[in-house]
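Q: I have a sequence and a model on my screen. Where do I start reading?

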Amino acid sequence: MTSLPGGSDDGGSATEPQPLVCARCGTTADGPRPTWTCSVENGVRQYICDTCSRENLRAIEGRLDSAWW
């Protein structure tokens, strides 16, 4: 990896990763959580924590096309 001449790796326009926020209850996570559900609704990516996912499993399954069954 290379840097621009005269630049440093400490600055620049790179953004820090934002914490994940559950779209239902607002719980936050500092990093990726493999147990969370990711959904794209109306072009917007939303994350749902594992607790909310478990509590709303039937509603989530009800939105799947019959081809998934």
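A: Start with the secondary structure. This is a predicted model. The chain has 2 helices and 4 strands.

Q: In which pattern do they follow one another along the sequence?
A: Read along the chain, the pattern is β-β-β-β-α-α.

Q: Which strands pair, and in what sense?
A: Take E3, residues 37–41, and E4, residues 44–48. They pair in the antiparallel sense over 5 bridges. Ser39 stands opposite Gln46 in E4.

Q: What should I look at in the hairpin of E3 and E4?
A: Look at the residues between the strands. There are 2 of them in this hairpin. Asn42 takes a positive phi near 55°.

Q: How do I read a nonpolar core?
A: The general idea comes first. In soluble globular proteins, nonpolar side chains tend to be buried together. In this model the largest nonpolar core has 7 residues. They are Leu20, Cys22, Ala29, Trp36, Ile48, Cys49 and Cys52.

Q: Which residues does Cys49 contact, leaving aside neighbours within four places in sequence?
A: Cys49 is in contact with Cys22, Cys25 and Trp36. Of these, Cys22 and Trp36 are listed with Cys49 in the largest nonpolar core.

Q: What share of the chain is buried?
A: Buried residues make up 13% of the 69 residues. Buried here means under 20% relative accessible area.

Q: How much accessible surface does the chain have, and what share belongs to carbon and sulfur atoms?
A: The accessible surface comes to about 6200 Å². Carbon and sulfur atoms account for 50% of that surface.

Q: What share of contacts links residues 24 or more positions apart?
A: Count the contacts with a separation of 6 or more. Residues 24 or more positions apart account for 26% of them.

Key
Residues numbered from 1 in each chain as written. Predicted model: local features only at pLDDT ≥ 70, side-chain atom pairs only at ≥ 80, totals over all residues. Heavy atoms only, no water. Core = buried A, V, L, I, M, F, W, Y, C linked by side-chain atoms within 4.5 Å. Buried < 20%, exposed > 50% of the residue type's maximum accessible area, 1.4 Å probe, protein only. Contact = heavy atoms within 4.5 Å. Areas by Shrake-Rupley, 256 points an atom, 1.4 Å probe, with all protein chains shown as cover. Pairing = 2+ DSSP bridges.
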